[in-house]
Structures are given as structure tokens and as C-alpha cells.
Amino acid sequence: DRYHAIIGQSFADLGISFDIYSRTSSATHKEMAQEFFKNLLDKGVFEEIKSEQYFDAQEQQFLADRYILGTCPKCSNPDAYGDQCEKCGSTLSPSELISPRSALSGTPPELKETTNWYLPLGQIQEDFLNDWINSKNSWKSNVIGQCKSWLNDGLKSRAMTRDLDWGIPVPVADADGKVLYVWFEAPIGYISATKEKLPEDWQSWWTGDRSEERRVGKECASM
């Protein structure tokens, strides 16, 4: 609440206004993110995987990838994150880190079994992704390098839910304590904000004829 207000006021002070200034903690976003999840779940897209994840016994909570620090097994950076090393750009999993520690308490975490839902990205990796990335001559070299490293290694299944005490609850029975992870729900914020602004017409902006209007509008804005 604090930072949403501060950022909104900062834009206003700069003379910048928006048709919709929303947030991913809105009721509309919660409803839409859960609908997306249930849709994919009902279609059998997700993989339900049991795994051992790091748990901070002192803080009594599971640790998201970014809350785990350790030594990178590829470049020996002592402060690599549980999902990637910012120094060498390698994609990692928390179990690959050497001497892992909790970013919350600084103590070594313990492994504890849990179940989450994963999106099998490897099943949808296509050659067009490489061609599309290679066509982005205006992107920064580190961004291109990071994307290529993911593709060259082969896209891995990534958890779309997490054991956390904040976030949008997973809309599945007996999923208490699990929320939709940011990789899944945050991008849906663009769509939920559109629904807030245009509750009766939002779908046409994403799937209908107005998608062409958006493309033309972007081209005009870049001229």
C-alpha cells in the first residue's frame, strides 16, 4: 500500500497520468490469475511434482529461490541465487548451490518434502524462439546472452506455485499454504489491468480485432 501510493504520487508529480494505475494485489487480478491456473490445470498442462525444497527452520518457512544464497558451482561466485548466478548468468536450481544459506536468517536450510505444480517449458521449446532471440539486435548483450544460455541448456520445467505465506492462493483443494508464484501470475497483471479498465470489452483487446489496433498503435508510437 505504501509503495503503490508513493510511486503513483511520483508519476503525478512528473506530470504523468494513466488510464489505469493498477496492481497485482487487486481482487480482479487475484480472480483472473486463479482462472488462468485452473484453466491450465483442467487441461492437464501442469506437472504435479513432489520434491525436497529448502526450509528455514528458524523462520519456519519454505524458501523461494531468491531467498537462498550460496556458491555458484560454475564460477564460484559466493553470492549466487537459488535460480541463477548474476555473475556468470548460469541458470541454477537451489540444490546445485554449494554451502547454501537462507537469505532471511543466514542459517543453513534443511530439505523438506513438498508438492508443487510445474510448467513443462521443455515441451514447448521450439526453433522459432532461437530465431526470434537472434533477431533482437537492439537488446543488451547480457540480456541476449542470458536468453541464449537458457535455450542452449534446454528449457527446464519451472514451478508455478510456491510454499509461501504471501501471494495469491492456489485454487486447488488441500493446497493450503501454497500460492501462485510470480513467474506465473505477475505477467497476467497486464490482462487483469485491462479488465479493470474495460470490464465489458477487455477480451477483444487481447484476442479479438483490437489486437491489430494495438500493433498499429505501437508501430505509430515508435515512429
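Predicted model: local features only at pLDDT ≥ 70, side-chain atom pairs only at ≥ 80, totals over all residues.
## Ground rules

Numbering starts from 1 along each chain as its sequence is written, and side-chain values use heavy atoms, with hydrogens and water left out.

## The whole chain

The protein chain has 8 helices and 9 strands (DSSP runs numbered from the N terminus: H or I with at least four residues for helices, E with at least two for strands). Its C-alpha trace spans about 50 × 45 × 40 Å along the principal axes.

Of the 223 residues, 31% are buried, meaning under 20% relative accessible area with a 1.4 Å probe, protein chains only. Take the contacts (heavy atoms within 4.5 Å) with a separation of 6 or more: 59% of them come from residues 24 or more positions apart.

## Strand β1 and its partners

Strand β1 (residues 47–56) runs antiparallel to β6 (residues 110–119), with 9 bridges joining the two; pairing takes at least two bridges found by DSSP. Lys 50 has Thr 115 of β6 as its bridge partner.

On β2 (residues 61–62), 2 bridges join up with β1, again antiparallel. Here Phe 55 stands opposite Phe 62. The β1–β2 hairpin leaves 4 residues between the strands, and Gln 60 takes a positive phi near 55 degrees.

## Gln 146

Gln 146 sits in helix α4 (residues 141–153). It counts as buried because its relative accessibility is 14%. Leaving aside residues up to four places away in sequence, Gln 146 touches Gln 84, Gly 89 and Thr 91.

Terms used:
Buried < 20%, exposed > 50% of the residue type's maximum accessible area, 1.4 Å probe, protein only.
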